[in-house]
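Please walk me through this structure.

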Amino acid sequence: MRHQPLPGTTGADTDLVYTPGSYADMAMRLLPLYGRVLDPARGRGAFFDRIPAHCEPLWCEVAEGRNFYDWVERVDWVVTNPPWSEIRPFMAHAMTIADNVVFLVTANHAYTRARVRLAQDAGFGLRGMLHMPTPPKPWPASGFQLSLLWWQRGWRGTTETYHAMDDLAAA
Ligand SMILES: C[S@@+](CC[C@H](N)C(=O)[O-])C[C@H]1O[C@@H](n2cnc3c(N)ncnc32)[C@H](O)[C@@H]1O
């Protein structure tokens, strides 16, 4: 049930793969969240439901009539597992409205030339990455490392890398 698409959603199958709760738990516990926190692709709420009480929780979900591309208000954080066929445009739009952008995606998305350029042109640097094990099916096994990637506006320092490979029980 957890992985069934929401009614009314369209797009690629991999746009509808939902994050296990234990993964979102770890992400939201480790990130220094503050202020306005937007989940731009809420799905079933894995990240949204775990936004800490001291933050203002905000969401989009196209299946419920809120398209992220229509969101123009400033926020402090964008945090989600985005629709996988839209990672580049999601990242580009997120970097116009947020100071911190966090996506649960495969790590290669941080390092293609185009993504490095996109982040650089938007004034962001890769602040940190947390490697996580690939969840069980229906999560596709792509051969790339799953990672929580955190880009921060103005970051010019090195990228901190953490591993949660042994800490997450198969969900
Ligand atoms: C890969 S699923 C992940 C859902 C949730 N973030 C999670 O971690 O479980 C991506 C979600 O993005 C939604 N979505 C796709 N395009 C969107 C858009 N333009 N604006 C808002 N939501 C969108 C899909 O309907 C789907 O629920």
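Predicted model: local features only at pLDDT ≥ 70, side-chain atom pairs only at ≥ 80, totals over all residues.

Take alanine 41. One of its backbone N or O atoms lies 2.6 Å from a nitrogen atom of the ligand. Glutamate 61 uses its side chain instead: a polar atom there lies 2.6 Å from an oxygen atom of the ligand. Threonine 80 also takes part through its side chain, where an N or O atom is 3.0 Å from a ligand nitrogen atom. How much of the ligand's accessible area does the protein cover? On its own, the ligand has 600 Å² of accessible area, and the protein covers 96% of it.

Now turn to asparagine 81. Asparagine 81 lies in the loop between β3, residues 75-80, and α2, residues 87-97. Is asparagine 81 buried or exposed? Its relative accessibility is 9%, so asparagine 81 counts as buried; the cut-off for buried is under 20%. Its side chain has two polar partners to look at. One is the side chain of threonine 19, at 3.0 Å. Another is the side chain of tryptophan 84, at 2.8 Å. Leaving out residues up to four places away in sequence, asparagine 81 touches Val17, Tyr18, Thr19, Ala41, Phe47, Leu104 and Trp139.

In α1, residues 21-30, the buried residues include Tyr23, Ala24, Met26, Ala27 and Met28. The buried residues of α1 pack against β3, β5 and β6.

Helix α4 spans residues 113-122, and its buried residues are Arg115, Leu118 and Ala119. Why do these three count as being on the same side of α4? They cover an arc of only 90 degrees around the axis, which puts them on the same side of the helix. The other side of α4 holds exposed residues: Arg113, Ala114, Arg117, Gln120 and Asp121. The buried residues of α4 pack against α2, α3 (108-111), β5 (124-132) and β6 (146-153). Just after α4 comes glycine 123, with a positive phi of about 90 degrees.

The backbone has another feature to find. Look at lysine 137 and proline 138. A cis peptide bond joins them, with omega at about 15 degrees. Proline 138 sits in the loop between β5 and β6.

Finish at glutamate 56. It belongs to strand β2, residues 56-59. How accessible is glutamate 56? With 38% relative accessibility, glutamate 56 counts as partly exposed. Its side chain makes a polar contact of 3.2 Å with the side chain of arginine 36. Setting aside neighbours within four places in sequence, glutamate 56 is in contact with Gly35, Arg36 and Val37. One last pair gives a sense of distance. Glutamate 56 and tryptophan 150 are 94 residues apart in sequence. In space, they are 19 Å apart, C-alpha to C-alpha.

Methods: Residues numbered from 1 in each chain as written. Heavy atoms only, no water. Polar contact = N/O pair within 3.5 Å; in protein donor to acceptor, adjacent residues only side chain to side chain. Areas by Shrake-Rupley, 256 points an atom, 1.4 Å probe, with all protein chains shown as cover. Helix = DSSP H or I, 4+ residues; strand = E, 2+ residues; numbered from the N terminus. Buried < 20%, exposed > 50% of the residue type's maximum accessible area, 1.4 Å probe, protein only. Contact = heavy atoms within 4.5 Å. Arc of directions from axis to C-beta.
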